[in-house]
Amino acid sequence: MAEHTSSNITIEAAPAEVMGVIADFDRYPEWTGEVKEAEVLATDDRGRAEKVRLVLDAGAIKDDHTLAYTWTGENEVSWSLVKSQMLRVLDGSYRLAGLEGGTRTEVTYQLTVDVKIPMLGMIKRKAEKVIIDRALAGLKKRVESGPAAPEASADEAEKH
C-alpha cells in the first residue's frame, strides 16, 4: 500500500464556510498556485462535484488529470485519480473539524501521489508535503479573506 502524507491547519471560520471554498472548483485557479484550470465534469444530486478535470503546473509536474470526488457528510471530501498523463496515483482528502463551538475549523489534508516516471520515495513524500502545505496556506488565506474580498484587501491583510 502506498504511503501518504498529511498535515493540518486551523482556519478562523466555520466548517461550512471552509467547505464552501473547497467545493468551489471553478475558483481554484484564483487561490491555488498549481491549479491553472478547473472544470467540473459531473455533479451529484446535491450539485456537488463528482468528477473534475484539473490542469496542474507544479514546476516539475505539469499534468492534465481528472479526479473523482466522494463527499462524506458535510465535513469530509476525498478524491481519487480517474485519468492522468503523468500520475499513477493522486488520492487525497480534506477532513474538517469544528473548534470553539464551530467558529474555527481544523482542516486535515491527506495526500498520496505516485508518478508514472521512477522517483525516489523520499522525493515523492517531499513533493506531497509541498503540495499539502501550499494548498492549506492558500485555503486559509482564501477563506479568511472572505469570499468576495478584492485582491487589494487580501494584500493589505498580509501586511498586518
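In what follows, Ala, Val, Leu, Ile, Met, Phe, Trp, Tyr, Cys and Pro count as nonpolar, Asp, Glu, Lys and Arg as charged, and the others, Gly among them, as polar. The structure discussed here is a predicted model.

The structure holds one cavity of 30 Å³ or more, and the volume of the largest cavity is about 380 Å³. Its lining is made up of 23 residues, and those nearest the centre are Val35, Leu54, Leu56, Tyr109 and Ile131. By class, 20 of the lining residues are nonpolar, two are polar and one is charged.

Several elements contribute to this lining. At least two residues each come from helix H2 (28–31), strands E3, E4 (61–72), E5 (76–83), E6 (87–99) and E7 (104–115), and helix H3 (121–144). Strand E4 provides the largest share, with four residues.

Attention now turns to helix H1, which spans residues 15–23 and in which Pro15, Val18, Met19, Val21 and Ile22 are buried. Viewed down the axis of H1, these buried residues fall within an arc of 155°, so they line one face of the helix.

Asp44 counts as buried because its relative accessibility is 15%, and buried means under 20%. When residues up to four places away in sequence are not counted, Asp44 touches Glu50 and Trp71.

Terms used. Residues numbered from 1 in each chain as written. Predicted model: local features only at pLDDT ≥ 70, side-chain atom pairs only at ≥ 80, totals over all residues. Heavy atoms only, no water. Buried < 20%, exposed > 50% of the residue type's maximum accessible area, 1.4 Å probe, protein only. Arc of directions from axis to C-beta. Contact = heavy atoms within 4.5 Å. 1 Å grid on protein atoms, 1.4 Å probe; cavity = no way out; pocket = protein on both sides within 12 Å on 5 of 7 lines; lining within 4 Å. Points joined across faces, edges and corners; volume = space filled by probe spheres on them.
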